[in-house]
Amino acid sequence: MDRLKRLVRQELQALTPYHVPPAEGFIKLDAMENPYPLPQEMRAAWLERLKGIPLNRYPDPEARALKARLRRFAGLDGRFGMVLGNGSDEILQMLCLAIPQGVLAPEPSFSMYPLIAAMVGVPYHGVPLKEDFSLDVPAMIEAMAARKPGIVFIASPNNPTGNAFPLEAIEAILEQSPGIVVVDEAYLPFGGESALELLPRHPHLLILRTLSKLGLAGLRLGWIMGHLPWMEVLDKVRLPYNINSLTQASAAFALEHQDVFAAQIAAIKRERARLSQALSALGFEVYPSAANFILFRAPGEGEAVFERLRAHKVLVRCLHGSHPLLADCLRVTVGLPEENDAFLKALRRG
Ligand SMILES: *Cc1c(COP(=O)(O)O)cnc(C)c1O
């Protein structure tokens, strides 16, 4: 143990690793997964595709075929570049490895921003959102001037609050930022406006996306888009075969069936509206959502409601204690209609 204490970076010794609670036997509404599996006939075609993959060979290090499809999917024009990651989490890590001057992000936001900064050994600073969870643009500008962060992360729609930020607010931050601004659009399929249209006039803007929330969390595929010099830098910190053959083929296959995912997303958005209404009717404070989850507050009894749900085998995320703005807040992922019914029933039973 002496050796460990002597060798391992101090801040790493103090770090609590990302914890995923065991979910066996639970209705799992805590991780923003798309609840719909691939339709049966699509599974057969997918497996057929995978059959032909030579597992003895390394994958295409550039994932050219998949990238071409993703470019079309995202509507990215030839002036800009794209780098793929083993989930967008890996791209966050690549960014911190390449640009070590410090990370700044609004709070509450995605818990991986401070975690990955700490993991890589990069300073992190959080700037509180306003009470309605909108961006505090003057506070962000002031903090950027004081701390000169190399990277600003802005998730829009934001996790865990669910709201999307207006492009004007993002652009105001871009204009004053001393480093790069990464807009994390993991939840874009469910709402909000993409910052992609800002790319031509902002050379230090990068846009991060993922297939995880769309319905392919198990594949681990994220990508970032931006001006070519930044993409070349990220390629230098990317491990050569970071996207495995099965993921490359499966993601390309999925992008040939966008209609299936579009239908699932439409169903999730309908359920989101129904759940929001039902939660309001039960007397909770419900925040508007542009994502596939809903943030709600149970004043004075957030933890009790969480425990009650757990007793009924429904797993949501309890955010109480994670940030002062989230006192008594819970986050529920929109599930299948019957899962959402079970969640509402558990709430009503008390
Ligand atoms: C879920 C989530 C991601 C996705 O991470 P992957 O590594 O691509 O699965 C990225 N950003 C935010 C804000 C998220 O909530």
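This section describes the ligand site, the backbone exceptions and part of the strand pairing in a predicted model.

Residues are numbered from 1 along each chain as its sequence is written, and side-chain values use heavy atoms, with hydrogens and water left out. Because the model is predicted, local features need pLDDT of at least 70 and side-chain atom pairs count only at pLDDT 80 or more, whereas totals for chains, interfaces and linings use all residues.

The shell around the ligand holds 14 residues, of which Ser-88, Asp-184, Tyr-187, Ser-212 and Lys-213 come nearest; a residue is near a molecule or strand if one of its heavy atoms lies within 4 Å of it. By class, the shell divides into 5 nonpolar, 5 polar and 4 charged residues. In this division, Ala, Val, Leu, Ile, Met, Phe, Trp, Tyr, Cys and Pro count as nonpolar, Asp, Glu, Lys and Arg as charged, and the others, Gly among them, as polar. Polar contacts are pairs of N or O atoms within 3.5 Å; within protein, one atom must be able to donate a hydrogen and the other to accept it, and residues adjacent in sequence count only if both atoms are side-chain atoms. An N or O atom in the side chain of Asp-184 is 2.6 Å from a nitrogen atom of the ligand. Helix H5 (88-98) and helix H9 (212-216) are the elements that give two or more residues to the shell. Helices (H or I, at least four residues) and strands (E, at least two) are DSSP runs, numbered from the N terminus.

Most residues other than glycine have a negative phi, and most peptide bonds are trans. A cis peptide bond joins Glu-107 and Pro-108, with omega about 5°; Pro-108 lies in the loop between strand S3 (103-107) and helix H6 (112-120). The bond from Ser-156 to Pro-157 is also cis, with omega near -5°, and Pro-157 belongs to the loop between strand S5 (151-155) and helix H8 (167-176).

A positive phi of about 45° is found at Ala-63, which is not a glycine. Ala-63 is placed in the loop between helix H3 (40-51) and helix H4 (64-74) and is buried, at a relative accessible area of 3%. Lys-148 likewise has a positive phi of about 45°, in the loop between helix H7 (137-147) and S5, but Lys-148 is exposed, at 52%. Buried means under 20% relative accessible area, exposed over 50%, and partly exposed in between (1.4 Å probe, protein chains only).

Strand S2 (residues 80-85) has 6 of its 6 residues buried. Phe-80, Met-82 and Leu-84 cover one face, with Gly-81, Val-83 and Gly-85 on the other. S2 runs antiparallel to strand S8 (residues 222-227), joined by 6 bridges, and Gly-81 stands opposite Gly-226 in S8. Two strands pair if DSSP finds at least two bridges between them. In S8, 6 of 6 residues are buried. S8 also pairs with strand S7 (residues 205-210) in the antiparallel sense over 5 bridges, where Leu-208 stands opposite Ile-224 in S8.
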